[in-house]
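The paragraphs below lead through one protein model, from its surface and overall fold to its metal site and then to a few individual residues. Please keep the structure open while reading.

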Amino acid sequence: MQLVILDRDGVINEDSDTYIKSPDEWIPIPGSLEAIARLHRAGWHVVVVTNQSGIARNLFDSDSLVRIHDKMRRSVADAGGLIDAIFFCPHGPHDNCNCRKPRPGLFLDLARRLRISLNGVPAIGDSLHDLHAARAAGAHPILVRTGKGAAIPDTCVTSIDVPVHDNLARAVDDLLADNQNDNASN
Ligand SMILES: [Mg+2]
Ligand SMILES: [Zn+2]
């Protein structure tokens with residue numbers, strides 16, 4: 001099975017310092033929905049792994065999160081794509097849970113539920129926390145320069161030694177190109 005793991009805020013949709021609290025505040029990053037559709041057409045499964053501490057902070061409740069995710073799934077479907085599953089952490093930074101990135105709990109939960117190894121599975125995120133969580137779970141972290149990724153200094157990006165792309169669309173170009181090369185050499 002070909003699987004890619006995506007962070008949500010700052011990768012699929014525009015990030016917000018005031019949190020995404022309602023479907024209206026969920027705005028896709030240009031090209032991201034089409035990128036997920038291209039993955040789907042190429043046979044990839046797409047799973048979203050996201051910290052949603054706004055729940056612990058009482059900024060929105062789990063019903064609102066369900067409605068936000070309904071909008072995301074519908075928007076992706078309208079573009080011709082599919083999100084196979086969404087794993088989220090509802091806790092805050094002081095709850096000391098194992099699922100909030102940079103901890104790998106959500107990734108490990110996903111691996112257990114799908115009964116797969118995350119070895120080499122691409123995990124695309126916009127923050128260093130995403131990269132650390134992915135790496136700790138044995139996945140293959142990839143950074144995009146949208147969302148929080150736009151503010152990471154170049155010197156820091158070079159030192160973390162992961163593939164870097166302008167946005168999800170460019171990261172997907174790269175995944176699908178690698179994939180074609182693999183198929184050609186098989
Ligand atoms: Mg993010
Ligand atoms: Zn958690």
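Accessible areas here come from the Shrake-Rupley method with a 1.4 Å probe, and for residues only the protein chains shown count as cover. On that basis the protein exposes about 9,200 Å², of which carbon and sulfur atoms supply 48%. The model is a predicted one, in which local features need pLDDT of at least 70, side-chain atom pairs count only at pLDDT 80 or more, and totals for chains, interfaces and linings use all residues. Residues are numbered from 1 along each chain as its sequence is written, chains are lettered from A and ligands numbered from 1 in the order in which they are written, and side-chain values use heavy atoms, with hydrogens and water left out.

The secondary structure comes to six helices and six strands, where helices (H or I, at least four residues) and strands (E, at least two) are DSSP runs numbered from the N terminus. Read from the N terminus on, these elements run β-α-β-α-β-α-β-α-β-α-β-α. For 186 residues a compact globule would have a radius of gyration near 16 Å, and the protein, at 16 Å, agrees with this; the radius is taken over C-alpha atoms, and the globule rule is 2.2 Å times the number of residues to the power 0.38. Along its principal axes the C-alpha trace spans about 50 × 35 × 35 Å.

Buried residues make up 48% of the 186 residues, with buried meaning under 20% relative accessible area, exposed over 50%, and partly exposed in between (1.4 Å probe, protein chains only). Contact means heavy atoms within 4.5 Å, and of the contacts in the protein with a separation of 6 or more, 62% are accounted for by residues 24 or more positions apart. As for charge, there are 19 positive and 24 negative side chains, and the centres of the two sets lie 5 Å apart. In this count Lys and Arg are positive and Asp and Glu negative, while His and the chain ends are not counted; the place of a charge is taken as NZ of Lys, CZ of Arg, CG of Asp or CD of Glu.

Which residues coordinate the magnesium ion (ligand 1)? The donors are D7 (OD), D9 (O) and D126 (OD), at 2.0 to 2.2 Å, and in sequence they are spaced D-x1-D-x116-D. Donors are N, O and S atoms within 2.8 Å of the metal (3.2 Å for Na, K and Ca), and water is not among the atoms, so sites may look incomplete. Both D7 and D9 are buried. K148 is found in the loop between strand 5 (140-144) and helix 5 (154-160), and with a relative accessible area of 46% K148 is partly exposed.

In helix 3 (residues 105-114), G105, L106, F107, D109, L110 and A111 are buried, and what covers them includes strand 1 (3-6), strand 2 (45-51), strand 3 (85-89), strand 4 (122-125) and helix 4 (128-136). Just after helix 3, R115 takes a positive phi of about 55 degrees.

A further buried position is L175 in helix 6 (residues 168-185), which counts as buried at 9% relative accessibility. Leaving aside residues up to four places away in sequence, L175 touches V4, L39, W44, P122, I124 and I142. From L175 to D109, a residue of helix 3, the C-alpha to C-alpha distance is 24 Å, at 66 residues apart in sequence.

Some backbone details remain, and they fall in loops. The loop between strand 3 and helix 3 holds P102, which is joined to K101 by a cis peptide bond with omega about 20 degrees. N96 is found in that loop too; although not a glycine, N96 has a positive phi of about 55 degrees, and with a relative accessible area of 58% N96 is exposed. In the loop between strand 2 and helix 2 (62-78) lies N58, another residue that is not a glycine and yet has a positive phi, here of about 60 degrees; at 70% relative accessibility, N58 counts as exposed.
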